[in-house]
Amino acid sequence: MFSLFGLFIIGLGAASAIELGHAPLLLKPALVKTVEVEAPAHYEFSYSVRDDHTGDIKSQTESRKGDVVQGQYSLIDADGYLRTVDYTSDAHNGFNAVVRRDPLGQKVVKAIAPIAKVITPIALAPKLPLLSLGIQH
């Protein structure tokens, strides 16, 4: 009987501690996780370079709507051909590219500055007389 009475007293004390706020470790606040929802990617860009001095001529355009990407880039290869690459990429088909090479009808010549060859004479040490250290042969 005493043990039941003791449990009652302990239970009553615990209940009063919870009601009075004396047991902060017994009740933990619920954690709230926030998830940010991102909008599908959507962009378009293009650029081009034309430097006749160095022969650097290239361009690119690309657009993306969600997971679907479409684009094209082109450049002039060293052998004078225009290389054009049309590409697409999506979750179902992956990355696909179609490459075309079209002759421009002219050779691309990149100007290279000539290298000057300069020959400088090598200075030879003057002949000096042998010093005698007093050693006889």
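Here are some notes on this predicted model, point by point.

1. Some ground rules before you look around. The model is predicted, so local features need pLDDT of at least 70 and side-chain atom pairs count only at pLDDT 80 or more, while totals for chains, interfaces and linings use all residues. Residues are numbered from 1 along each chain as its sequence is written, and side-chain values use heavy atoms, with hydrogens and water left out.

2. Start with the overall layout. The protein chain has 1 helix and 5 strands, in the order α-β-β-β-β-β along the sequence. Both kinds of element are DSSP runs numbered from the N terminus: helices are H or I with at least four residues, strands are E with at least two.

3. Next, burial and surface. Of the 137 residues in the protein chain, 11% are buried; buried means under 20% relative accessible area, exposed means over 50%, and partly exposed is in between (1.4 Å probe, protein chains only). The accessible surface comes to about 12,900 Å², with 62% of that belonging to carbon and sulfur atoms. These areas come from the Shrake-Rupley method with a 1.4 Å probe, and for residues only the protein chains shown count as cover.

4. Have a look at the aromatic rings. There are 3 aromatic pairs in the structure. Rings of Phe, Tyr and Trp (its six-membered ring) pair if their centres lie within 6.5 Å; planes under 30 degrees apart are stacked, over 60 edge-to-face, and the rest tilted. Tyrosine 73 and tyrosine 87 make a tilted pair, 6.4 Å centre to centre with 50° between the planes. This pair links strand 3 (residues 68-76) to strand 4 (residues 81-90), the two tyrosines being 14 residues apart. Tyrosine 87 is buried at 8% relative accessible area, while tyrosine 73 is partly exposed at 30%. Ring pairs join Tyr73, Tyr87 and Phe95 into a cluster.

5. Threonine 61 is in strand 2 (residues 56-65), and its contacts (heavy atoms within 4.5 Å) beyond four places in sequence include Phe45, Gln70 and Tyr87. Its C-alpha atom is 6.6 Å from that of tyrosine 47, 14 residues apart along the chain. Leucine 75 is in strand 3 and is partly exposed at 23% relative accessibility. Beyond four places in sequence, leucine 75 touches Ile57, Lys58, Tyr81, Leu82 and Arg83.

6. Now for the charges. Side chains of opposite charge can pair when their charged atoms come close. The count here is 7 salt bridges, each being a side-chain nitrogen of Lys or Arg within 4 Å of a carboxyl oxygen of Asp or Glu. In one of them, arginine 50 meets aspartate 52 at 3.5 Å, N to O. Arginine 50 is exposed at 62% relative accessible area, and aspartate 52 is exposed at 58%.

7. Another salt bridge spans two strands. Aspartate 86 and arginine 100 have their closest N and O atoms 2.8 Å apart. Aspartate 86 lies in strand 4 and arginine 100 in strand 5 (residues 94-103), so the pair ties together parts 14 residues apart in sequence. Aspartate 86 is partly exposed at 25% relative accessible area, and so is arginine 100 at 37%. Salt bridges that share partners also join Asp77, Asp79, Arg83 and Arg101 into one network.
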